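Biologist: I'm new to this one. Could you walk me through it, a question at a time?

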Amino acid sequence: MIEEIKDWLDGVFAQPIPEDVAAFCFNLYEDGDGDWSAELVGTKSFDAEDGDWACDEVNDFGTRDEPFTWNSDEGWEGALKSAVSALKNYLENGAYSDVLKSRSGVGVGFVDGDIEIIYKRGD
């Protein structure tokens, strides 16, 4: 999964990121039958104490129509853990990790659940 998500994110970040994007959030979805997907949205605000910042979407970078997808029978907690691990790896080693780190924060979570902050500028 790590190499596949790197390739997907490299494609996403090859485009210019608008200045009004204050933070990034990876929205996860359970698609059924062990299928999972993730989209990346840019938000106009960030608040590590209030997950509602993830609803301030200003851009989806085309990922709503072309999400990252994978298959695993690990359940939603395992899928979240796998996604967090792969995204943290990208933050450390990805070609465009500087783009993610150039904004206030990065979160990941299921759209109807809590957001896990995986990067906060200044930490």
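This is a predicted model: local features need pLDDT of at least 70, side-chain atom pairs count only at pLDDT 80 or more; totals for chains, interfaces and linings use all residues.

Biologist: Which residue forms a salt bridge with Glu57?

Modeller: A salt bridge here is a side-chain nitrogen of Lys or Arg within 4 Å of a carboxyl oxygen of Asp or Glu. For Glu57, the closest N and O atoms of the pair are 2.9 Å apart, and the partner is Arg64.

Biologist: Which residues do salt bridges with shared partners join into one network?

Modeller: Arg64 also meets Asp60, at 3.5 Å from N to O. Another salt bridge pairs Arg64 with Glu39, the closest N and O atoms being 2.9 Å apart. Put together, the network is Glu39, Glu57, Asp60 and Arg64.

Biologist: How many residues apart are Arg64 and Glu39?

Modeller: Arg64 is in the loop between strand S3 (57-59) and strand S4 (68-71), whereas Glu39 sits in strand S2 (residues 35-43). Strands are DSSP runs of E, at least two residues, and helices are runs of H or I, at least four, numbered from the N terminus. The pair links distant parts of the chain, and the separation is 25 residues.

Biologist: What does helix H2 reach from its first C-alpha to its last?

Modeller: H2 covers residues 75-93, which is 19 residues. The expected span is 1.5 Å times one less than the number of residues. That gives an expected 27 Å, and the helix comes close to it, reaching 27 Å.

Biologist: What is the radius of gyration of the protein?

Modeller: The protein has 3 helices and 6 strands. The radius is taken over C-alpha atoms, and the globule rule is 2.2 Å times the number of residues to the power 0.38. For 123 residues the rule gives 14 Å, and the protein is as compact as a globular protein of that length because its radius of gyration is close to that, at 13 Å.

Methods. Residues are numbered from 1 along each chain as its sequence is written. Side-chain values use heavy atoms; hydrogens and water are left out.
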